[in-house]
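Have the viewer open and follow along.

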Amino acid sequence: MPSLDRRRFLWGTTAVGTAALLAGCTSNESANTAPNAVAGGSGQNTQPGKQVTIGFSAPAADHGWMAAMTKNAKAQADEFSDVTFKATEGTNDVNQQIGQVETLINDKVDVLVVLPFDGKALTEVGRQAMDAGIPVINLDRVFDTPLAYRLWIGGDNYRMGVNAGEYIASQLKAKNITNPIIGEVAGIDSLPLTQERSKGFSDALAKAGFAVGPRVSASFTSESGEQQTANLLQSAPKLDALWNHDDDQGIGVMAAIDSAGRKEFVMVGGAGSRNMMDLIKADSGVVKATVLYSPSMASSAIALARLLGQTKGIGDMAEHDIPASITTYSAVVTKENVDQYLDVGFDS
């Protein structure tokens, strides 16, 4: 997943939130959308147009977030009568994914949507597609050069950490806790995305006069989340707050918390799984919020690919052309607003 880049066009979005923008070039009417679909309803762009074949390639759907990315892409394509969706079998083998994208290029699809297992490794095949006249939408994990894509769309890891930190700080200050113990269950520390999330979290806490305390690194799996959280809880007999970077590993995090019988702190999740949203809505345990890194971006990528293939712009934007980059916003989902986001929650 990408590092921050000032060239990006920051666009706060959820699947529902993009509906009005994607709906039409000139219409300001609101659109009625299906869950995780962004372009249903009224407006010029929703009317059937030129037939577009969209090629789609992504890693293996081996955890909830990634499975939702592929599911959302297909569901969005099914919303359009003028879209043919050609998806490759998901793989975590870089060479296999390169070969699959090359096949889509040889099939002369109109637009490619590629979520690379490794952005650097897939950069060259992205350039091949662009050089062949096939516009590429680079989804989330960014290629090494903009020459490999027409549009990048993905999440904001740094802002994810900032919003988690700001929410936790506000909760602690509301309780007049002046010297809190704040834990962090990170993802894989060697990954830039984890480093960005942790930096954002630390920066936000520092701004409030707080600091990260006990910290462990998991591996985005339930098993690692449970093991590492158990270690953290053993080392910290008291906590005031805890941020877990990833709701997929959050299943294990919650198992460790329940096993230890701990309930003295507030916990914030990350990514926006339906599981965590249900816990937030119930409001009967430690989970009080989750910070979105929503797979609804895959829905938006397919809707934008269709517009690229039909040489259309985005409704309600003055520019004639689709932007070169779109960064989705990491909204904080709480008990007060959870109902607005249930449609983009994914199963862990």
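**The whole protein**

Please keep in mind that this is a predicted model. The protein has eleven helices and 13 strands. Of its 348 residues, 56% count as buried. Among contacts with a separation of 6 or more, 71% are accounted for by residues 24 or more positions apart.

**Two helix pairs**

Two packed helices are described by the angle between their axes and the distance between the axes. Here are those values for two pairs.

| Helix pair | Angle between axes | Axis distance |
|---|---|---|
| α2 (residues 64–78) and α10 (residues 296–309) | roughly 35 degrees | within 7 Å |
| α7 (residues 222–235) and α8 (residues 247–260) | about 40 degrees | 6 Å |

Let us take α2 and α10 to begin with. The crossing of α2 past α10 is right-handed. On the α2 side, the contact is made by W65, M69, N72, A73, Q76 and A77, while α10 brings S296, M297, A298, S299, I302 and A303. What kinds of residues make up the contact of α2 with α10? Eight are nonpolar, four are polar and no charged residue takes part.

Now for α7 and α8. From α7, the residues S222, G225, E226, T229, A230 and L233 take part. They meet D248, Q249, I251, G252, V253, A255, A256, I257 and A260 of α8. By type, the residues in this contact of α7 with α8 split into eight nonpolar, five polar and two charged.

Follow the chain on from α8 and you reach R262, in the loop between α8 and β10 (266–271). Is R262 buried or exposed? R262 is buried, because its relative accessible area is 14%, and the cut-off for buried is under 20%. The side chain of R262 has a polar atom 3.1 Å from the backbone oxygen of L233. A polar atom of that R262 side chain also lies 2.7 Å from the backbone oxygen of A236. Leaving out residues up to four places away in sequence, R262 touches L233, A236, P237, K238, L239, I257 and V286. L233 and I257 in that list also belong to the contact between α7 and α8.

V286, another residue touched by R262, sits in the loop between α9 (274–282) and β11 (287–292). V286 has a relative accessible area of 6%, so it is buried. Its contacts, again without residues up to four places away in sequence, are M254, I257, R262, K263, F265, V266 and M267.

**R306**

For the last stop, go back to helix α10, where R306 lies. R306 counts as buried because its relative accessibility is 2%, against a cut-off of under 20%. Leaving aside residues up to four places away in sequence, R306 touches N45, T46, Q47, P48, V52, I54, F80, D82 and V83.

Notes. Residues are numbered from 1 along each chain as its sequence is written. This is a predicted model: local features need pLDDT of at least 70, side-chain atom pairs count only at pLDDT 80 or more; totals for chains, interfaces and linings use all residues. Side-chain values use heavy atoms; hydrogens and water are left out. Axes are lines fitted to C-alpha atoms, for helices over the stretch in contact, and angles run from 0 to 180 degrees between N-to-C directions. Helices (H or I, at least four residues) and strands (E, at least two) are DSSP runs, numbered from the N terminus. A crossing is left-handed if the near helix is turned anticlockwise from the far one by less than a right angle, and right-handed if clockwise. Contact means heavy atoms within 4.5 Å. Ala, Val, Leu, Ile, Met, Phe, Trp, Tyr, Cys and Pro count as nonpolar, Asp, Glu, Lys and Arg as charged, and the others, Gly among them, as polar. Buried means under 20% relative accessible area, exposed over 50%, partly exposed in between (1.4 Å probe, protein chains only). A polar contact is a pair of N or O atoms within 3.5 Å; within protein, one must be able to donate a hydrogen and the other to accept it, and residues adjacent in sequence count only if both atoms are side-chain atoms.
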